[in-house]
Amino acid sequence: MDTFEDPVEIVLWTRHEDGRWSARPLWMVLVDGRAYVRSAFGRRSAWYRRVLGRADVRIETASGRLPVALRPVGDSGLVRRVSEAYRAKYGLCWPGPVASVNGPEAAATTLCLTDAGQVPQLPA
């Protein structure tokens, strides 16, 4: 899956080592039709650490939970564009949280959502 619609937030599910699942609502932005998320609390966020540890990951849609892959973004130019997308989408309503999600610690956790099964788009 390469193209996503642009919901205000998504629910990201990650599986713990003991098999339990936990959910986290996340802001999502689009850059060139690709979906990106960040950990507002940087690398110390438990869901982010599970993702890096190769945990199973799902996104929640109206039809259920769909498997996805999250790929770290290392391109600094793309990370800046994702920051600009966060500012444009959320900055007027939530300037404080946007400043946090665009800070250096959070920006370093930028992830691209990929491989979301056979579903063509996320619901709005």
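Me: Which residues have the most contacts inside the largest nonpolar core?
Reply: In this predicted model, the residues with the most contacts inside that core are Tyr36, Val37, Trp47, Leu70 and Tyr86, and the core as a whole has 31 residues.

Me: And which helix gives the most to this core?
Reply: That is helix α2, which spans residues 76-90 and gives 6 residues to the core.

Me: Let's take Tyr36, then; what is Tyr36 in contact with, leaving aside its neighbours within four places in sequence?
Reply: Tyr36 is in contact with Trp27, Met28, Val29 and Val31, with Val73, Leu78, Val82 and Tyr86, and also with Thr110, Leu111, Cys112 and Leu113.

Me: Cys112 is on that list, so is Cys112 buried or exposed?
Reply: Cys112 is buried, because its relative accessible area is 0% and the cut-off for buried is under 20%. Cys93, by contrast, counts as exposed, with a relative accessibility of 60%.

Me: How many disulfides does the structure hold?
Reply: The structure holds 0 disulfides.

Me: Switching to Thr109: where does Thr109 lie?
Reply: Thr109 lies in the loop that runs between α4, residues 104-107, and β8, residues 111-114. Thr109 is buried, with a relative accessible area of 0%.

Me: What lies 2.6 Å from a polar atom of its side chain?
Reply: The backbone oxygen of Ala106 lies at that distance from a polar atom of the Thr109 side chain. Leaving aside neighbours within four places in sequence, Thr109 is also in contact with Val37, Arg38, Ser39, Gly42, Arg43 and Tyr48.

Me: Zooming out, how many helices and strands are in the chain?
Reply: The chain has 4 helices and 8 strands, and from the N terminus the elements run β-β-β-β-α-β-β-β-α-α-α-β. Of the 124 residues in the chain, 44% are buried. Among contacts between residues at least 6 apart in sequence, 70% join residues at least 24 apart.

Me: Which elements have the lowest and the highest mean pLDDT?
Reply: Strand β6, residues 64-67, has the lowest mean pLDDT among the elements, at 83, while α2 has the highest, at 97. Over residues 118-124 the pLDDT is below 50, although this stretch has 19 contacts in the model beyond near neighbours in sequence. Where pLDDT is low, the predicted coordinates should not be read in detail.

Me: And the mean pLDDT of the chain, what is that?
Reply: The mean is 87, and 85% of the residues in the chain reach 70 or more.

Key. Residues numbered from 1 in each chain as written. Predicted model: local features only at pLDDT ≥ 70, side-chain atom pairs only at ≥ 80, totals over all residues. Heavy atoms only, no water. Helix = DSSP H or I, 4+ residues; strand = E, 2+ residues; numbered from the N terminus. Buried < 20%, exposed > 50% of the residue type's maximum accessible area, 1.4 Å probe, protein only. Polar contact = N/O pair within 3.5 Å; in protein donor to acceptor, adjacent residues only side chain to side chain. Contact = heavy atoms within 4.5 Å. Disulfide = S-S within 2.5 Å. Core = buried A, V, L, I, M, F, W, Y, C linked by side-chain atoms within 4.5 Å. pLDDT = per-residue confidence, 0-100.
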